[in-house]
Amino acid sequence: NQGMTFADIEYYVEQGLLEPETNKRVREAYRYFIVDEFQDTSGLQFAIIRSLLNKDFSNLFCVGDPKQAIYGFRGGELSVFQNCGKLVPK
């Protein structure tokens, strides 16, 4: 199988956003971000989100319940959810 896995796609998105012009184009296309099931977000996924927010966490709305975190096997980290709560304005 020569296809890409979900992990491959995440990796290449993160790498692509390291290119300043690409990052800028995506940031300009999307002003606000809503992330559902945020309790299952991985460190890599959060790095992608952080990159697009350009340090402005007021443009991020997260929905999640730490009691429903079930994707640890896929890289979901409850600590990402908890730490993000300190960055997003109430």
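1. Core. In this predicted model, the largest nonpolar core has 15 residues. Those with the most contacts inside it are F38, F46, I49, L53, F57, L60 and C84. Strand 1 (33–35), helix 3 (43–53) and helix 4 (78–84) are the elements that give two or more residues to this core. Helix 3 gives the most, with five residues. As background, nonpolar side chains in soluble globular proteins tend to be buried together.

2. L60. Take L60, one of the core residues with the most contacts. Set aside its neighbours within four places in sequence, and L60 is in contact with F33, V35, I49, L53, C84 and V88. Among these partners, I49, L53 and C84 are also listed with the most contacts inside the core.

3. Burial of the pair. C84 is buried, with a relative accessible area of 1%. C62 is partly exposed, at 26%.

4. Surface patch. M4, I9, Y11, Y12 and V13 make a nonpolar surface patch of about 500 Å². One of its members, V13, is in helix 1 (residues 6–16). Is V13 buried or partly exposed? V13 counts as partly exposed because its relative accessibility is 37%.

How values were computed
Residues numbered from 1 in each chain as written. Predicted model: local features only at pLDDT ≥ 70, side-chain atom pairs only at ≥ 80, totals over all residues. Heavy atoms only, no water. Patch = residues over 30% accessible without salt bridge, like charges linked within 9 Å, V, L, I, M, F, W, Y side chains within 5 Å. Areas by Shrake-Rupley, 256 points an atom, 1.4 Å probe, with all protein chains shown as cover. Salt bridge = Lys/Arg side-chain N within 4 Å of Asp/Glu carboxyl O. Helix = DSSP H or I, 4+ residues; strand = E, 2+ residues; numbered from the N terminus. Buried < 20%, exposed > 50% of the residue type's maximum accessible area, 1.4 Å probe, protein only. Core = buried A, V, L, I, M, F, W, Y, C linked by side-chain atoms within 4.5 Å. Contact = heavy atoms within 4.5 Å.
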